[in-house]
Amino acid sequence: PLREEGQNVLRQEFGASYKKYFSIIEAIGAGVVNGSEIADRLGMSQTTLSKYLIALQRDFQLVERSVPFGQNPQRSKKGLYSIKDNAVAFWFAHVYGKLEPPREDKINEFVSKRFEIFCKDFFVEYLKSKSESVIRTGSWWGQVEVKPNEFEDKEIDFIAETQESLYFAECKWTNKKTSSADLNNLKKSSAAFQTKKLVKQVIFSKSGFDFTETKNTMLFSPERLEMEIMKLREPI
C-alpha cells in the first residue's frame, strides 16, 4: 500500500518542480548528505542546488541541515543534510526501490535515529518546564584527545545549552540496558568542550539502566519519559 505513497505526496507538494526536488531528497535518503556531494551526484551547480535546498528547509520543511554544535551554520563547511519528515524519511529508507519489507534490524536502525530527534525535542520542553531557557541545541561530531597526542573520532547525539548549564545527551535504542561504560564514553566525548558552565550528562535508554542517577547525571527510561510527558501535557 505504501509503494506509491511517497511519490504521490511529493508530487502534490512540489507540483511542476517535482523532479528536481525529488532527486535531491532521493540523494539524501540514499546517504548522500553533503552539499557538494549532492551537487556532484545530480550534475547541478552549488548555486542552483542551494536554491532548492533552502526551499526544502524553509518552505516545505522536509529537509534540515545540521552543523557540529558551536559552529556558525552560515560559515561551517561541515553541514550535513537529513530528511526531517518521519514519513518521507521512512518511505525513502524502506519502501522506495525495495523489493521486500525491511528486516527488524533495519527498522531498529531507522527508529534509533528518529529517537534522537524525539529525545531532543522532548528535552527542550522539559528544560523549559524547569524554568531553564534553552539558548541552542545541536549534535556534535569531531575528534577528542583521549591521550596525549592521541585522538579519536567521537559523536554526541545532541547538546543543549542554557544560561546555567551544558547538557550532553546520548540516546540508546538497544535491547540491552545502558551501562556505566556508556556513561563514561559520553563523559570522554564531552571532554572536547571547555566551559565554565555546569556540565551534566543525559542518557535516554529504551531498555533502562544498570546504574543509578547522580547529581550531574540525568537518566530517562521509557517509564520516566512517559511520566514526564504526561506532566508536560497537564494544563497550567
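User: Leaving aside neighbours within four places in sequence, what is Val202 in contact with?
Analyst: Val202 is in contact with Phe123, Tyr167, Phe168, Ala169, Glu170, Leu186, Met218 and Phe220. Contact means heavy atoms within 4.5 Å. This is a predicted model, where local features need pLDDT of at least 70, side-chain atom pairs count only at pLDDT 80 or more, and totals for chains, interfaces and linings use all residues. Residues are numbered from 1 along each chain as its sequence is written, and side-chain values use heavy atoms, leaving out hydrogens and water.

User: Where is Val202 found?
Analyst: In strand β6, residues 198–205. Helices (H or I, at least four residues) and strands (E, at least two) are DSSP runs, numbered from the N terminus.

User: Buried or exposed?
Analyst: Val202 is buried, because its relative accessible area is 0%. The cut-offs are under 20% for buried, over 50% for exposed, and partly exposed in between (1.4 Å probe, protein chains only).

User: New topic. How do β3 and β4 pair?
Analyst: Strand β3 (residues 134–147) and strand β4 (residues 150–162) are antiparallel, with 11 bridges. Two strands pair if DSSP finds at least two bridges between them.

User: What stands opposite Trp140?
Analyst: Ile156 in β4.

User: And what is in the loop between β3 and β4?
Analyst: Asn149 has its place there. The hairpin has two residues between the strands. Phi of Asn149 is near 65 degrees, a positive value in a residue other than glycine. Most residues other than glycine have a negative phi. Asn149 counts as exposed because its relative accessibility is 71%.

User: Which loop holds Gln61?
Analyst: The loop between α4 (46–58) and β1 (63–66). Phi of Gln61 is positive too, near 55 degrees. At 49% relative accessibility, Gln61 is partly exposed.

User: Which residue does Glu125 bridge to?
Analyst: Lys128, with the closest N and O atoms 3.6 Å apart. Both lie in helix α6 (residues 104–129), three residues apart, about one turn of the helix.

User: And what does Glu213 meet?
Analyst: The side chain of Arg224, at 2.8 Å, N to O. That pair links distant parts of the chain: Glu213 is in the loop between β6 and β7 (217–220), and Arg224 is in helix α8 (residues 222–233). Arg224 counts as buried because its relative accessibility is 18%.

Notes:
A salt bridge is a side-chain nitrogen of Lys or Arg within 4 Å of a carboxyl oxygen of Asp or Glu.
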